[in-house]
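Please consult the sequence and the model alongside the text.

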Amino acid sequence: MGLFKRAEVAESAGQAGEPADLSALLLQGEDMIDQLARAHMSWGLGSADRWNLDQTTGIITWTFPDKTASAPAQILGSFSSASGSWLWAWANESILPAMSRDAGVFRDWAEGQGHSHLAQPKIDIDEKAASTLVALAVRVTNATGYYKSPGSNSTLIITFGSVTLTAEDGSVSSFNIDIN
């Protein structure tokens with residue numbers, strides 16, 4: 001489909017005046033996702049008994065037998081394997097506007113860089129292309145946390161900030177990642 005075609009005139013997310021190279025940004029995004037996954041595994045991301053996202057507070061919470069982890073969150077969008085499509089959070093009526101700011105940042109970047117095909121509300125793509133789109137969005141938004149909700153037909157993609165860990169005994173600690 002050529003979803004990630006190279007722009008000839010646009011500017012990159014990092015340095016004004018440099019040509020936008022989606023390939024380089026994509027590689028950076030994929031690397032960021034790998035680094036974020038490894039770092040967040042240290043407190044248990046991916047092994048929680050359950051998770052919950054409260055759109056009214058903007059907080060995602062993971063529950064473990066011995067602790068909870070919570071963080072401010074944003075929804076990038078969702079991928080439906082059943083329909084083979086990606087839907088940006090800002091275009092999803094069931095997502096509160098405050099929860100889709102990062103998705104809006106990516107949309108504005110894509111449009112501003114001449115990549116309007118990446119900023120369509122709904123994009124017909126396969127799972128691999130959706131992963132590529134997410135990696136690019138993680139890079140452009142400088143996300144410090146990334147969570148892919150479990151699901152067989154539809155997957156929600158959530159970015160998150162500093163994690164607060166609360167142990168059973170009430171002790172609290174924080175987990176932060178500085179990507180700059």
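## Salt bridges

A salt bridge is a side-chain nitrogen of Lys or Arg within 4 Å of a carboxyl oxygen of Asp or Glu. The model discussed here is predicted, so that local features need pLDDT of at least 70 and side-chain atom pairs count only at pLDDT 80 or more, while totals for chains, interfaces and linings use all residues. Residues are numbered from 1 along each chain as its sequence is written, and side-chain values use heavy atoms, with hydrogens and water left out.

By the rule above, the count comes to 2 salt bridges. One joins the side chains of arginine 107 and aspartate 108, at 3.3 Å from N to O. Accessibility is described by relative accessible area: buried means under 20%, exposed over 50%, and partly exposed in between (1.4 Å probe, protein chains only). Arginine 107 is partly exposed at 24%, and aspartate 108 is partly exposed at 46%.

In the other salt bridge, the side chains of lysine 148 and glutamate 127 meet at 3.7 Å, N to O. This pair links distant parts of the chain, 21 residues apart: lysine 148 belongs to strand β6 (residues 146-148) and glutamate 127 to helix α3. Lysine 148 has 41% relative accessibility and counts as partly exposed; glutamate 127, at 45%, is also partly exposed.

## Overall architecture

The protein chain has 3 helices and 9 strands. Helices (H or I, at least four residues) and strands (E, at least two) are DSSP runs, numbered from the N terminus. Along the sequence their pattern reads α-β-β-β-β-α-β-α-β-β-β-β.

Of the 180 residues in the protein chain, 44% are buried. Contact means heavy atoms within 4.5 Å. Among contacts with a separation of 6 or more, 61% are between residues 24 or more positions apart.

## The nonpolar core

A nonpolar core is a set of buried Ala, Val, Leu, Ile, Met, Phe, Trp, Tyr and Cys residues joined through side-chain atoms within 4.5 Å. The largest such core has 49 residues, and those with the most contacts inside it are Trp43, Ile60, Trp62, Trp86, Phe106, Val138 and Phe160. Helix α3 (residues 127-141) supplies the largest share of this core, 9 residues.

Leaving aside neighbours within four places in sequence, tryptophan 86 is in contact with residues including Leu76, Phe79, Pro121, Ile125, Leu133 and Ile157.

## Helix packing

Helix axes are lines fitted to C-alpha atoms over the stretch in contact, and angles run from 0 to 180 degrees between N-to-C directions. Helix α1 (residues 22-41) and α3 pack at an angle of about 85°, with their axes 7 Å apart. The two helices are therefore roughly perpendicular, a term for angles of 65 to 115 degrees. Among the residues making this contact are Leu25, Met32 and Leu36 of α1 and Val134, Leu136 and Arg139 of α3.

Helix α2 (residues 101-112) packs against α3 at about 95°, with the axes 9 Å apart. The pair α2 and α3 is therefore roughly perpendicular. The contact involves Asp102, Val105, Phe106 and Trp109 of α2 and Leu133, Leu136, Ala137, Val140 and Thr141 of α3.

Asparagine 142 has a positive phi of about 55° although it is not a glycine. This asparagine 142 lies in the loop between α3 and β6. With a relative accessible area of 37%, asparagine 142 is partly exposed.

How values were computed: Angles under 35 degrees count as roughly parallel, over 145 as roughly antiparallel, 65 to 115 as roughly perpendicular and the rest as oblique.
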